[in-house]
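Here is a short briefing for a reader new to this structure. It covers the interface, the salt bridges and the aromatic side chains.

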Number of protein chains: 2
Amino acid sequence: MEPEPVLSRDARTGETRAQIGIEADAAAVDAAVRAADATRDALADRPRRAALLRAAAQAVEARADALIAAADAETALGVPRLTGELARVAYQFRFFAGIAEDGAYLGVVVDPPDPAAVPPRPELRRWKVPIGTVAVFAASNFPFAFSVPGGDTASALAAGCPVVVKAHPDHPETSELAAAAIRDAAVEVGLPADVLTLVHGRQAGVDLVRHPLISAVGFTGSIPGGRALFDLAAARPSPIPFYGELGSLNPVLITERTAAARGAETAAGLVASYTLGQGQFCTKPGLVLVPEGQAGDQLVATATEAAAAAVPGALLDARMREHFLAGFAARAALPGVRTLVEAAAAPTGDVPQAVRAGLLEVDADTLDGGELLEECFGPVTVLVRYRDMAGVEAVLARLGGNLTATLHAEPDEPDAARWISRLARFAGRVIFGGWPTGVAVAPAMTHGGPYPATTTPTTSVGGTAIDRWLRPVTFQTVPPELLQPELSHPS
Amino acid sequence: MEPEPVLSRDARTGETRAQIGIEADAAAVDAAVRAADATRDALADRPRRAALLRAAAQAVEARADALIAAADAETALGVPRLTGELARVAYQFRFFAGIAEDGAYLGVVVDPPDPAAVPPRPELRRWKVPIGTVAVFAASNFPFAFSVPGGDTASALAAGCPVVVKAHPDHPETSELAAAAIRDAAVEVGLPADVLTLVHGRQAGVDLVRHPLISAVGFTGSIPGGRALFDLAAARPSPIPFYGELGSLNPVLITERTAAARGAETAAGLVASYTLGQGQFCTKPGLVLVPEGQAGDQLVATATEAAAAAVPGALLDARMREHFLAGFAARAALPGVRTLVEAAAAPTGDVPQAVRAGLLEVDADTLDGGELLEECFGPVTVLVRYRDMAGVEAVLARLGGNLTATLHAEPDEPDAARWISRLARFAGRVIFGGWPTGVAVAPAMTHGGPYPATTTPTTSVGGTAIDRWLRPVTFQTVPPELLQPELSHPS
């Protein structure tokens with residue numbers, strides 16, 4: 001069989017830019033996995049891993065122009081956004097260098113012997129070790145931050161796990177450039193380049209998840225794609241953890257008092273958030289609970305105006321554009337749904353693939369499930385008008401797991417604490433008075449939630465993202481001189 | 001369809017003692033889950049959970065005579081062992097009460113805002129919340145410590161998760177008595193009794209794993225049974241974490257120098273460990289690497305003598321007895337396998353179901369996989385004679401994941417550190433100079449390992465067992481007065 005070419009396409013025009021390589025067949029995937037896996041012993045050196053992550057930060061910064069130019073052509077996300085995203089990636093590499101160096105993530109616990117315990121307790125020393133070689137599936141919508149040089153890669157390398165990345169077909173050239181930067185950084189600090197290897201192709205992803213030397217998977221993408229790979233991981237002779245971020249509606253609840261007190265500002269913030277990056281964020285607010293009545297009406301009017309004025313732009317690829325336009329049309333056609341702004345193709349000379357944002361409205365009473373409770377990737381959100389808090393509860397009760405949930409309320413509202421707690425029941429991050437887009441790289445971040453937000457309720461962003469790539473090991477009555485210094489002389 | 005009766009049987013005689021109840025049909029499982037799930041809000045009170053665990057410890061101690069009598073009849077494990085196991089359970093409840101009270105497991109992290117970060121960082125407060133209602137599958141071999149009042153139950157309640165236990169058919173009366181003790185303890189501290197509910201029956205277990213209100217599963221049992229339930233958990237519309245402990249060979253490596261220096265003592269320790277509780281421990285050493293040559297021969301001779309002298313006893317049930325005797329015969333018949341002591345039925349007037357321990361020997365060169373590398377539940381182990389460390393490595397390379405691996409070496413042997421590190425590659429606990437049976441309840445314990453030791457490499461014993469029943473939630477720019485005190489005023 002002829003190998004399939006890997007093509008780089010211009011997201012604004014849909015045209016082919018260049019052939020980047022060929023898709024990996026089973027032998028090529030096997031070679032990529034074996035090469036990465038052979039670097040496990042070298043990566044066991046924790047200070048050197050920290051050095052690798054710092055060198056990777058420097059390497060992506062040094063190659064920023066080429067990386068951003070390729071990513072802008074391949075994704076149409078624009079130079080300002082991509083410049084910020086690359087800075088975030090460099091920050092993230094240094095952040096995980098600090099975590100690797102600090103070593104608190106190792107979770108070292110030393111129990112002295114206790115003959116009085118039941119049963120008697122021998123001396124125990126526990127820490128966490130790298131789980132093994134990790135497969136990372138890059139996302140379409142973040143060519144840097146959730147792709148080759150993204151959080152999964154940075155946290156896995158910090159943990160001591162070699163990484164095999166399955167590139168996203170939307171940005172193969174960007175992926176190759178980023179992989180080269182990290183591989184060169186490895187060599188620079190005296191590690192093998194193969195601490196990170198890269199494969200292209202849909203079947204290559206399947207082969208990767210099934211490969212016996214792969215010990216865990218990180219994935220960011222759609223529910224159907226992620227669930228198919230999750231199922232493969234679970235069906236292996238030896239199942240492996242699959243950390244997939246699949247989809248999220250990111251509901252927002254605006255109370256009557258906030259609609260009255262700061263309706264215009266809230267409407268403007270909402271539209272800015274759901275149209276940011278053409279609505280192609282996993283944290284895009286996709287369902288907004290707005291009160292009925294005058295204050296809510298005014299908020300909706302302001303949002304409608306702002307949405308109609310939003311600048312059109314291209315989506316990441318032609319398939320997403322089709323899905324978005326079809327998804328909008330299907331939702332708009334549902335009984336009881338009112339189109340406030342119609343999403344549509346909005347081609348210009350420079351950007352023939354551009355679309356403009358849409359805005360929908362529906363009454364809480366008529367929202368009885370179905371498509372309106374599913375994520376629609378792209379610049380659209382659904383305003384759900386509620387009569388009272390029982391109406392809100394009826395909607396919330398129908399939601400699955402979410403990455404985020406947002407409350408716009410006044411801090412002195414009697415029910416504010418109760419609603420915060422209610423939103424935490426189905427979301428991994430609860431935001432008060434802000435917007436879910438923008439996920440800080442920070443020790444306390446959670447980017448994950450009950451299914452389908454993520455397949456396992458952990459986080460793929462922030463300090464504890466490293467926990468996914470570790471497993472605990474306890475040493476019982478092992479003479480300290482036979483152990484690593486972290487265990488023999490814990491601080 | 002007639003409901004199936006749940007029968008308590010005498011393990012020593014195989015006779016029916018009493019009917020305990022009926023197997024739960026789908027409606028009964030649903031009722032048990034809903035009743036437990038309805039206690040989530042009540043269990044959110046952390047100090048009260050600690051009180052519940054302390055009251056549960058007291059309750060099982062107060063009812064020790066009845067619990068031990070039922071368990072002894074149902075399992076034949078003997079009053080001394082069961083007395084120790086019950087003490088362990090009480091210790092474990094108090095241990096988790098302390099963990100719940102302390103709150104360090106909540107993993108509270110508070111990030112102050114940082115406008116200079118990329119992207120800018122808002123104030124974030126993260127902790128862990130209970131994952132939801134948990135299903136616990138009791139094990140045959142620990143009617144207390146890995147059953148209704150065991151580590152899964154204690155850690156899940158400590159986390160704030162209601163528990164629905166699927167009783168093991170080997171000890172239904174013990175299960176009912178233990179459940180009543182915990183339910184009464186709940187009422188005593190002002191919690192609903194339904195923080196723990198109990199169901200019997202194989203199909204009930206299937207229905208439990210599939211129930212939409214079940215958020216995670218703890219399981220201890222066989223590879224086929226555990227894998228089938230793991231597959232069900234993964235195939236749910238919303239998959240849930242399945243923490244299963246399935247099987248382990250628990251290899252032991254004895255070096256030439258140790259065989260020479262302390263062969264007799266090591267042989268005695270080995271036989272005591274693998275025949276303890278009639279070899280019905282998940283940590284039973286099932287494969288022992290012994291050097292060829294005179295020191296190894298002497299060690300084998302001593303072990304053979306001790307094994308032949310081991311006191312016969314009944315296994316947990318008739319099915320296990322058959323599996324054990326058939327499993328021993330199948331292994332003994334393999335080419336190159338030498339029978340040192342033949343396992344066999346050894347009926348007495350009091351214990352018609354008794355068996356005696358077996359001991360097998362094989363050369364490392366002829367050990368090419370198959371049944372000898374699979375766990376054989378019951379009092380048997382396989383001595384594998386090796387010529388050199390390359391022969392040892394060839395055996396280790398064929399092993400799957402294990403709960404434990406043990407090294408008997410002299411601390412000053414040049415390769416000791418390397419072998420410790422090698423054993424840690426496939427095991428969750430590495431023991432030096434001791435034996436794997438006996439799993440201390442301690443902060444630093446790991447009882448879990450790569451598949452098939454456990455389905456997910458976590459621990460089901462020790463302080464961090466609580467982590468399985470939690471998920472992280474981050475609060476972003478939420479006014480502290482709207483949050484729980486742990487987050488608003490972290491210590």
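The model is predicted.

**The interface between the chains**

- The size of an interface is often given as the accessible area lost when the parts come together.
- Chain A brings 65 residues to the contact, and chain B brings 65 residues.
- Between chain A and chain B there are 34 residue pairs in polar contact, counting pairs with both residues at pLDDT 80 or more.
- Several elements of chain A each supply at least two residues of the side that touches chain B, among them helix H5 (79-102), strand E4 (124-130) and helix H9 (223-235).
- Helix H2 (40-43) and helix H14 (416-424) of chain A are also among these elements.
- Salt bridges between chain A and chain B number 2.
- One salt bridge joins the side chains of A:Arg425 and B:Asp41, at 3.3 Å from N to O.

**Salt bridges within the chains**

- Side chains of opposite charge can pair when their charged atoms come close.
- Over all chains, the structure holds 52 salt bridges.
- A:Glu74 and A:Arg17 meet through their side chains in a salt bridge, 3.8 Å from N to O.
- That pair links distant parts of the chain: A:Glu74 is in helix H4 (residues 64-75) and A:Arg17 is in strand E2 (residues 16-22), 57 residues apart.
- A:Glu74 counts as buried because its relative accessibility is 1%, under the 20% limit.
- A:Arg262 and A:Glu410 form a salt bridge, with their closest N and O atoms 2.7 Å apart.
- A:Arg262 lies in helix H10 (residues 256-275), and A:Glu410 in the loop between strand E18 (402-408) and H14, so the pair ties together parts of chain A that are 148 residues apart in sequence.
- A:Arg262 is partly exposed, at 34% relative accessible area, whereas A:Glu410 is buried, at 8%.
- In chain B, B:Arg46 forms a salt bridge with B:Glu486, and the closest N and O atoms are 2.9 Å apart.
- B:Arg46 sits in helix H3 (residues 46-62) and B:Glu486 in helix H15 (residues 485-488), 440 residues apart.
- Both B:Arg46 and B:Glu486 are buried.
- A network of salt bridges links A:Asp297, A:Arg338, A:Glu361, A:Asp363 and A:Arg385.

**Aromatic side chains**

- The count is 14 aromatic pairs over all chains.
- The ring planes of A:Tyr243 and A:Trp469 stand at 90 degrees, so this pair is edge-to-face, with ring centres 5.6 Å apart.
- A:Tyr243 is in strand E9 (residues 242-245) of chain A, while A:Trp469 is in the loop between strand E19 (427-432) and strand E20 (470-476), 226 residues away.
- A:Tyr243 is buried, with a relative accessible area of 13%.
- A:Trp469 is buried as well, with a relative accessible area of 0%.
- A:Phe137, A:Phe219, A:Phe230 and A:Phe242 make up one aromatic cluster.

**Charges over rings**

- In chain A, the charged end of A:Arg81 sits over the ring of A:Phe142, 4.5 Å from the ring centre.
- In chain B, B:Arg81 lies over the face of B:Phe142, at 4.5 Å from the ring centre.

Conventions
Residues numbered from 1 in each chain as written. Chains lettered and ligands numbered in written order. Predicted model: local features only at pLDDT ≥ 70, side-chain atom pairs only at ≥ 80, totals over all residues. Heavy atoms only, no water. Phe/Tyr/Trp six-rings, centres within 6.5 Å; stacked < 30°, edge-to-face > 60°. Helix = DSSP H or I, 4+ residues; strand = E, 2+ residues; numbered from the N terminus. Buried < 20%, exposed > 50% of the residue type's maximum accessible area, 1.4 Å probe, protein only. Lys NZ or Arg CZ within 6 Å of the ring centre and 35° of its normal. Contact = heavy atoms within 4.5 Å. Salt bridge = Lys/Arg side-chain N within 4 Å of Asp/Glu carboxyl O. Polar contact = N/O pair within 3.5 Å; in protein donor to acceptor, adjacent residues only side chain to side chain.
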